[in-house]
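Here are a few exercises to work through with the coordinates open beside you. Try each task before reading its solution.

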Amino acid sequence: MIPTTYEQWKNCIVNDCKIKLTKAFAEKRLSVYENQEHPETKKFVDLYGNQHLNNIIYWYKKSQNE
């Protein structure tokens, strides 16, 4: 299932994937997803589209403020 809300996404990261959603982790992922030329970002857009990429970027930034 592709998450459509912040809470769904956070649950997926923290509970399903067992990843600690730390500020450092979020910053590392943002360095990839905010770089449109990064191969991983290009693949992500091909698979999930720009809207989902924008959601992910927003959610990582939101997680840094919790």
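**Exercise 1: The largest pocket**

In this predicted model, the lining of the largest pocket counts twelve nonpolar residues, one polar residue and no charged ones.

Task: Find which residues lie nearest the centre of the largest pocket and which helices contribute to its lining.

Solution, step by step:
- Begin with the space itself: the largest pocket holds about 220 Å³.
- Next, list the lining, which comprises 13 residues; Pro3, Trp9, Phe44, His52 and Ile56 lie nearest the centre.
- Finally, assign the lining to helices: H1, H3 and H4 each supply at least two residues.

**Exercise 2: The nonpolar core**

Task: Work out which residues of the largest nonpolar core touch the most other members, and which helix gives the most to this core.

Solution, step by step:
- Look at the 15 residues of the largest nonpolar core: Trp9, Tyr33, Leu53, Ile56 and Tyr60 are the ones touching the most other members.
- Then sort this core by helix: at least two residues come from each of H1 (6-16), H2 (23-33), H3 (39-48) and H4 (50-64).
- The biggest contribution to this core is that of H4, with five residues.
- Now zoom in on Leu53: setting aside neighbours within four places in sequence, Leu53 is in contact with Tyr33, Gln36, Thr41, Phe44 and Val45.
- As background, nonpolar side chains in soluble globular proteins tend to be buried together.

**Exercise 3: Two cysteines**

Solution, step by step:
- Recall that a disulfide is a covalent bond between the sulfur atoms of two cysteines.
- The cut-off for a disulfide is a sulfur pair within 2.5 Å.
- Cys17 is likewise in no disulfide, with the sulfur of Cys12 as its nearest at 4.3 Å.
- The count for the structure is therefore zero disulfides.

**Exercise 4: A backbone angle**

Task: Where is Lys18 placed, and is Lys18 buried or exposed?

Solution, step by step:
- Locate Lys18 in the loop between H1 and H2.
- Read its phi, which is positive at about 60 degrees although Lys18 is not a glycine.
- Check accessibility: at 66% relative accessibility, Lys18 counts as exposed.

Definitions and conventions
Residues numbered from 1 in each chain as written. Predicted model: local features only at pLDDT ≥ 70, side-chain atom pairs only at ≥ 80, totals over all residues. Heavy atoms only, no water. Core = buried A, V, L, I, M, F, W, Y, C linked by side-chain atoms within 4.5 Å. Buried < 20%, exposed > 50% of the residue type's maximum accessible area, 1.4 Å probe, protein only. Helix = DSSP H or I, 4+ residues; strand = E, 2+ residues; numbered from the N terminus. Contact = heavy atoms within 4.5 Å. 1 Å grid on protein atoms, 1.4 Å probe; cavity = no way out; pocket = protein on both sides within 12 Å on 5 of 7 lines; lining within 4 Å. Points joined across faces, edges and corners; volume = space filled by probe spheres on them. Nonpolar A, V, L, I, M, F, W, Y, C, P; charged D, E, K, R; others polar.
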